[in-house]
Structures are given as C-alpha cells and as structure tokens.
Amino acid sequence: MAKNSGNPLNLRELSELTGKGFRTIRAALENLEPMEDRGRGGIFYDSREALPLIYNGGGADDSDGDLVLARERALLAKAQRERIELQTAAESGRLVDKAKAKRLAAELAMAQSKPWTQWPARVYAEMAAELGVDGVKLHQVLDEHVRRQLEAVATAPMHAAKGGAELSPPWNGEDDEVLDDDDEPEL
C-alpha cells in the first residue's frame with residue numbers, strides 16, 4: 001500500500017458506503033487500477049481514488065464531489081473507530097453474547113418462579129386455620145394471585161440503568177388498594 005493512499009475498500013464496502021449498486025461502481029471504476037487483488041478474497045481499491053470516481057461519474061474535479069468525499073471519509077473513520085471500540089469491549093469482557101445472556105436470564109427466572117408457584121400449596125392450610133376460612137378456596141386465591149404476579153413480573157419491561165438492568169413494575173399505582181388496619185382482605 002502506498003504511503004499516502006486511502007483505505008482499501010472492496011466492491012461491497014464501496015456499495016455500502018456510497019449507497020450505489022455494483023454495476024454503477026464497476027462502471028465508474030473500470031479504468032482504475034486496483035490497489036490490491038486478494039483473489040477470491042476480493043479486489044480492493046484505494047478509497048481516495050475510488051470515491052471521487054463513483055460520486056463524480058469518472059471526473060475528479062467537481063467541488064461538490066470533494067465535499068461528499070470528505071463526508072464519506074469522516075463516516076469511514078467513524079465506522080472504523082466504532083469497530084475498534086467494539087472489539088476492545090468484547091476482548092475486555094464488557095460485552096457478552098446476547099443468546100447466552102438471554103438463556104441465563106431465562107434460567108434465573110425459572111429458578112425464581114418455581115418456589116413461588118409451589119408456595120401456596122405449602123402455606124394454604126396453615127393460613128386457612130389461622131384465618132378460619134375454607135382451605136381449598138384460600139389455596140385457589142393464593143395460587144391465582146401468585147401466578148398473576150409472576151406473569152406481571154415476566155412481562156414487565158426491562159430498563160437499562162447505569163449499574164445494570166432494573167424491572168419496571170407493569171402497574172401504574174391506580175389499581176392498588178390500600179387497606180386500613182381494620183379492613184380484612186376478601187377471600
């Protein structure tokens with residue numbers, strides 16, 4: 001690669017960068033000598049030479065083309081910076097595999113929900129005796145409310161927080177019923 005040359009770009013990269021089709025790019029670059037030919041790895045062109053030809057239709061003396069070329073160089077530099085930042089973050093362990101994170105979250109949710117779904121069956125008899133109510137009805141009510149709450153938590157949106165993720169409650173507070181000390185819940 002020459003000392004003052006631009007970045008090597010293949011046809012796919014030139015197409016993505018310019019938004020032009022392969023035929024248009026090939027036609028604009030037909031007289032341009034490739035910077036590098038990697039065989040099946042692709043043919044690479046010098047971005048400083050290729051971009052003006054693509055934008056100006058073969059002429060490199062258009063001042064509007066220079067402005068467009070400068071923008072494209074800035075976009076290319078930004079994309080390269082972002083790619084390097086992502087690679088660095090992945091190597092340092094700050095990024096995790098999305099599929100693995102989802103699987104671990106599902107496993108954690110299952111581990112948390114199983115004890116809660118079994119809880120009404122363990123406590124309903126004792127609670128019914130304390131309250132002097134029908135045990136079967138209490139079990140049904142407890143089971144229904146626990147499952148409803150688990151469903152609400154499962155469908156609650158996750159919001160990213162600086163220290164990690166936090167669940168947002170799916171309720172808005174309007175449906176909450178406040179009981180006085182003298183009130184007894186209906187069973």
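**Close-up views of a predicted model**

**View A. Arg148 and Glu144 both sit in helix 6, four residues apart, which is about one turn of the helix.** Helices (H or I, at least four residues) and strands (E, at least two) are DSSP runs, numbered from the N terminus. The side chains of Arg148 and Glu144 join in a salt bridge with an N to O distance of 2.6 Å, where a salt bridge is a side-chain nitrogen of Lys or Arg within 4 Å of a carboxyl oxygen of Asp or Glu. Arg148 is partly exposed at 47% relative accessibility, and Glu144 is partly exposed at 45% (buried is under 20% relative accessible area, exposed over 50%, and partly exposed in between, with a 1.4 Å probe and protein chains only). This is a predicted model, in which local features need pLDDT of at least 70 and side-chain atom pairs count only at pLDDT 80 or more, while totals for chains, interfaces and linings use all residues. Residues are numbered from 1 along each chain as its sequence is written, and side-chain values use heavy atoms, with hydrogens and water left out.

**View B. Helix 6 (residues 135-155) also holds Arg147 and Asp143, which lie four residues apart and are therefore separated by about one helical turn.** Their side chains meet in a salt bridge, at 3.1 Å from N to O, and Arg147 is partly exposed, with a relative accessible area of 44%.

**View C. In helix 5 (residues 98-131), Glu107 and Arg103 are four residues apart, so about one helical turn separates them.** A salt bridge links the side chains of Glu107 and Arg103 at 3.8 Å, N to O. Glu107 has a relative accessible area of 44% and is partly exposed, and Arg103, with 45%, is partly exposed as well. The count of salt bridges in the model comes to four.

**View D. Three strands form an open, antiparallel sheet in the order 1-3-2.** Strand 1 (8-9) and strand 2 (36-37) are the edge strands, each pairing on one side only (two strands pair if DSSP finds at least two bridges between them). Strand 1 pairs with strand 3 (residues 43-46) in the antiparallel sense over two bridges, and Leu9 stands opposite Tyr45 in strand 3. Strand 2 likewise pairs with strand 3 in the antiparallel sense over two bridges, and here Glu36 stands opposite Phe44. Strand 2 and strand 3 form a hairpin with five residues between them, and Gly39 in the turn has a positive phi of about 65°.

**View E. Helix 3 (residues 47-56) lies across strand 1 and strand 3 and runs at about 85° to strand 3.** For this angle, axes are lines fitted to C-alpha atoms, for helices over the stretch in contact, and angles run from 0 to 180 degrees between N-to-C directions; contact means heavy atoms within 4.5 Å.

**View F. Asp46, a residue of strand 3, is buried yet has no salt bridge.** The nearest side chain of opposite charge, that of Arg48, is 5.5 Å away from Asp46 (Lys and Arg count as positive and Asp and Glu as negative, while His and the chain ends are not counted). The side chain of Asp46 does, however, reach the backbone nitrogen of Arg48 at 2.9 Å.

Note on methods:
Polar contact = N/O pair within 3.5 Å; in protein donor to acceptor, adjacent residues only side chain to side chain.
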